[in-house]
Amino acid sequence: MPDVPGPVIEFVKRRREPAVVQALRSTAAATIAYATALWLTDARAPLLAPLTALLVVQVTLYATLTSGITRVNAVVAGVTIAVGFSALVGLSWWSLGLLILTSLAVGHLVRAGDFIPEVAISAMLVLGVSHATDLALSRVLETLIGAIVGLLFNFLFVPPVWVQPAEEALVDLAGRMRRLLLHMGESPGVHTPVQRAAARLHEARRLDNDIVQVDAALVQAEESLRLNPRVKEALLSRVVLRTGLDTLEICTSVMRSMSRTLTDLARHREDEPLFPADVAAELEELFEHIAESVRSFAVLVTSPLSASSEEAEDRLTKELEAGRASRERVARLMLARVREHPRQWHLLGALLAESDRMLDELDVEKRSTRLAEELDRYTREERDRHPRLYEFKRRFRLPRSRRRRRRRKRTEA
């Protein structure tokens, strides 16, 4: 077989990534929009149609609908302003400045959002020609063609659901948290230099950047679930991932406090171990149980099947129980040591309190309660935002058992 170039191999490996899929979809939609505009208009090069389609075809169906409507709104507003200026004052240096100022102000009034500059751009292009009315109609037509092609393209070829990349990012975050927890609990019975403890503190602080990246992937996944006919329980999937990320974010905050406590303890005990041998052994086991609980929690949140979800929940429950038992043993040993040598007792108490917070945040029952609360909150927001639509769904939504019963009666009849 002939040698395949490296870039081709890399492209095939990354063909399912959002950037690659979006590039292919945007190219196809822009080409179709240009061909359609050539067929429907008399313009020699209707480049506005593929440009509009390129901007309208977003990575999710929800973003496509919102951006398409907003962009058409911005272009029509700009063209309308230009036609008015052309009829009243024409083109001059002061009218151009007034046109730009008016267009930007109108862009805010019509809620053009990210396309506010497009209002001014459309107005300037139309005002800069002699036959402003003809160009205005042509520009609006090209924009409509591009927007319609982009919307139809995403309706016919529904964008993928980007839940899997968000789940992978969530699992990767939990993996980094697990490794850091294992490093923090590594050999607490030996001397720990302050530099090593401080390095772990900086690593814990860098988890904030990971949270931001996972949040961006989750926002994209949430948008891909909206208005997507491929997804049946979009709200549940969104809430499960979002509450899972919220829990891990709280845990990263606790881990920063925990690493800071160990750093302060290492600064006070420069020539001796952080903990006695018996306390160190139990404390290392406690950190291992917390680390495994974080991993089990991420697997639980990202498990799509009920069987794997139940298995992950059982593992998480066992790790939390073992962690709580280990925490009690550490507390008893620390209490005995503090009574003999009460040095830095406040740091030891802080370490126990932070361990309690981690175990409490990862608790299975607390997760179920938070999930139910978030589902209720989303339902209330939908009811308050669209009361008539919510009432319509409530009245005409039949339970599955009643639908099956009616379908069975029709079949028997």
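## Cavities and selected residues

The second largest cavity has a volume of about 30 Å³. This is one of 2 cavities of 30 Å³ or more in the structure, which is a predicted model.

| Cavity | Volume | Lining by class |
|---|---|---|
| Second largest cavity | about 30 Å³ | 6 nonpolar, no polar and no charged residues |

**Linings.** Around the second largest cavity stand Ala 166, Leu 170, Val 214, Leu 218, Leu 241 and Leu 245. Helix 8 (163-184), helix 10 (207-225) and helix 11 each contribute at least two residues to that lining. The largest cavity is lined by Met 184, Glu 186, Pro 188, Thr 192, Ala 197, Arg 200, Ser 259, Leu 262, Leu 274, Phe 275 and Leu 283. At least two residues of the lining of the largest cavity come from each of helix 9 (194-205) and helix 11 (234-268).

**Helix 8.** The 22 residues of helix 8 should span 32 Å at 1.5 Å a residue, and the 32 Å between its end C-alpha atoms agrees with this. Buried positions in helix 8 are Val 163, Ala 166, Ala 169, Leu 170, Leu 173, Ala 174, Met 177, Leu 180, Leu 181 and Met 184. They lie on the same side of helix 8, because they cover an arc of only 135° around the axis. In an α-helix there are 3.6 residues a turn, so residues three or four places apart point the same way. Two of these buried residues, Ala 166 and Leu 170, also line the second largest cavity. Met 184, buried in helix 8 as well, is among the residues lining the largest cavity.

**Asp 246.** Helix 11 also holds Asp 246. With a relative accessible area of 29%, Asp 246 is partly exposed, because that value falls between the 20% limit for buried and the 50% limit for exposed.

**Gln 344.** The loop between helix 13 (306-340) and helix 14 (345-361) contains Gln 344. Its phi is near 50°, a positive value in a residue other than glycine. Most residues other than glycine have a negative phi. Gln 344 counts as buried because its relative accessibility is 16%, and buried means under 20%.

Conventions. Residues numbered from 1 in each chain as written. Predicted model: local features only at pLDDT ≥ 70, side-chain atom pairs only at ≥ 80, totals over all residues. Heavy atoms only, no water. 1 Å grid on protein atoms, 1.4 Å probe; cavity = no way out; pocket = protein on both sides within 12 Å on 5 of 7 lines; lining within 4 Å. Points joined across faces, edges and corners; volume = space filled by probe spheres on them. Helix = DSSP H or I, 4+ residues; strand = E, 2+ residues; numbered from the N terminus. Nonpolar A, V, L, I, M, F, W, Y, C, P; charged D, E, K, R; others polar. Buried < 20%, exposed > 50% of the residue type's maximum accessible area, 1.4 Å probe, protein only. Expected span 1.5 Å × (residues − 1). Arc of directions from axis to C-beta.
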